[in-house]
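Look at the model below.

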Amino acid sequence: MPTPPNPFNFIKRRGMILFMAETLIAANWKENLGELEVRAWMQEFGRQETRSKRQDIEVVICPSFPFISLFASFQPSSFQLGAQNVSEFEKGAYTGEVSARQLKSLGVKYVIVGHSERRQNFGETNEQINQKIRLCLKYGLTPIVCVSEIKQVETIKSSGHPIVVVYEPLSAISTGEIGQPDTPFHAQKMALEIKKIVGENVLSLYGGSVDSKNAGEFLKEKGINGLLVGGASLDPVEFTRIIDTLYHL
Ligand code: PGA
């Protein structure tokens, strides 16, 4: 499998591995888009990308598992590949599961872990989520850990490794089209709280009903390092507009 051309965005400073990117915008497609739609999305996204890539901005696309290898084979250097989930087991007889090692071999760099839809619909516990975080870190994948309340942040075990934590209040996620975005003020408060708990080595994101109209309001708050975008990322033009917000702050 070809590995993506761009190096993983980390630097070593004061003996610590730190994020190079200061802002991360991730697309979470959830259980949407078929193969033809994925191909069309990629084509359109490629057409939209006129700006030059900035090293301080990381764009991550998280398609469904079957399309990860599709991306890996012609991934442009302007974004990184992410997965929406990973097995809590390292390898073996776990039918239907996909391991961190397998994801790594396909060029995946990031993995969404503990999304509220998985906590609610599949009963994922903090213990399972930590097991997934551990395996991600073991195989050089960066977990994008989703939380909807502070007590979930307190359970995260990252041992000082760079991780991404996304605050997504349940009422904000547009599952079933009923999300109400958080206020930028409250989202910032939570982002700062997350940094206080997890430590310096975290990118603290907001997620929930983000679109190109409200993205700038969140991104301009100090302490919010990016966005996890669900529904609005299914449209490559709208997703590009969200990324472009960063160029006009
Ligand atoms: P939404 O989803 O942007 O559609 O609200 C965000 C998420 O669940 O990650």
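This report covers a pair of helices, a cavity and a pocket in a predicted model.

## Two helices in contact

Start with helix α1, residues 35-48, and helix α9, residues 236-245. Their axes lie 9 Å apart. The packing angle is about 40°. The two helices are therefore oblique to each other. The crossing of α1 past α9 is right-handed.

Which residues meet? On the α1 side they are W41, E44, F45 and Q48. On the α9 side they are P236, V237, F239, T240 and I243. This contact has 6 nonpolar residues, 2 polar and 1 charged.

## The cavity

Rolling a probe the size of a water molecule over the atoms shows where empty space is left. The structure holds 1 cavity of 30 Å³ or more. The volume of the largest cavity is about 30 Å³.

Its lining consists of R119, N126, I129, N130, I133, V145, Q152, T155 and I156. Which helix gives the most to this lining? Helix α5, residues 126-138, does, with 4 residues. By type, the cavity lining has 4 nonpolar residues, 4 polar and 1 charged.

## The second largest pocket

Now turn to the second largest pocket. It holds about 500 Å³ of space. How many residues line the second largest pocket? The lining has 19. Nearest the centre of this pocket lie E31, Q84, N85, R118 and F122.

Definitions and conventions: Residues numbered from 1 in each chain as written. Predicted model: local features only at pLDDT ≥ 70, side-chain atom pairs only at ≥ 80, totals over all residues. Heavy atoms only, no water. 1 Å grid on protein atoms, 1.4 Å probe; cavity = no way out; pocket = protein on both sides within 12 Å on 5 of 7 lines; lining within 4 Å. Points joined across faces, edges and corners; volume = space filled by probe spheres on them. Axes fitted to C-alpha atoms, helices over the stretch in contact; angles between N-to-C directions. Parallel < 35°, antiparallel > 145°, perpendicular 65-115°, else oblique. Left-handed = near helix turned anticlockwise from the far one by under 90°. Contact = heavy atoms within 4.5 Å. Nonpolar A, V, L, I, M, F, W, Y, C, P; charged D, E, K, R; others polar.
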